[in-house]
Amino acid sequence: MKTAFNAYLKELAARTLQNGGTASKPATCEFLPDQDVWSFPKYPAKTAILPPTINLLSELRDFITRNEAFLNEADCWLGTWINPQTGNFYFDVATGIADLETAKRKAIQAGKADGREIVAMFNAKRNKTIFL
């Protein structure tokens, strides 16, 4: 399993860099198909925002280890994103909602509850980012 996880980490880093972000389930080492949902951090206080100079593999491994229980929740996944305005990496315990207005409302509520503003939501199926 460790070999599979290491291969997953390498693929995770490569896809994040190539595509500007990913959605995956670390426990199963699976990448999620594009979904028509607006993805945002379920637990914004757990979001890691890191500069482009990091060791991506090491930081991904650390984030997954710290947040394993949350990432294993049925409605959660690991979301990675590169902010096109700053180049910073964002690692999230992500969730998603299909209806845009409901997603905005829930994202704003989650940010207030955790004391950390959510800056954007992403819809992979539409390849669209909405800044809040």
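A pocket is an open set of points on a 1 Å grid over the protein atoms alone, where a 1.4 Å probe fits, with protein on both sides within 12 Å along at least five of seven lines; lining residues have an atom within 4 Å of a point. A volume is the space filled by probe spheres set on the points, which are joined across faces, edges and corners. The model is predicted, and totals for linings use all residues, whereas local features need pLDDT of at least 70 and side-chain atom pairs count only at pLDDT 80 or more. Residues are numbered from 1 along each chain as its sequence is written, and side-chain values use heavy atoms, with hydrogens and water left out.

The largest pocket has a volume of about 700 Å³. Its lining comprises 35 residues, of which G21, T22, T80, W81 and F122 are the closest to the centre. At least two lining residues come from each of α1 (2-19), β1 (21-25), β3 (38-41), β5 (77-82), β6 (89-97) and β7 (120-123) (helices, H or I, of at least four residues and strands, E, of at least two are DSSP runs, numbered from the N terminus). The largest share, four residues, belongs to β5.

The second largest pocket has a volume of about 160 Å³. Ten residues line this pocket, and F5, P26, A27, I64 and E68 lie nearest its centre. Two or more lining residues are given by α2 and by α3, with α2 giving the most, three residues.

N67 is located in the loop between α2 (56-66) and α3 (68-71).
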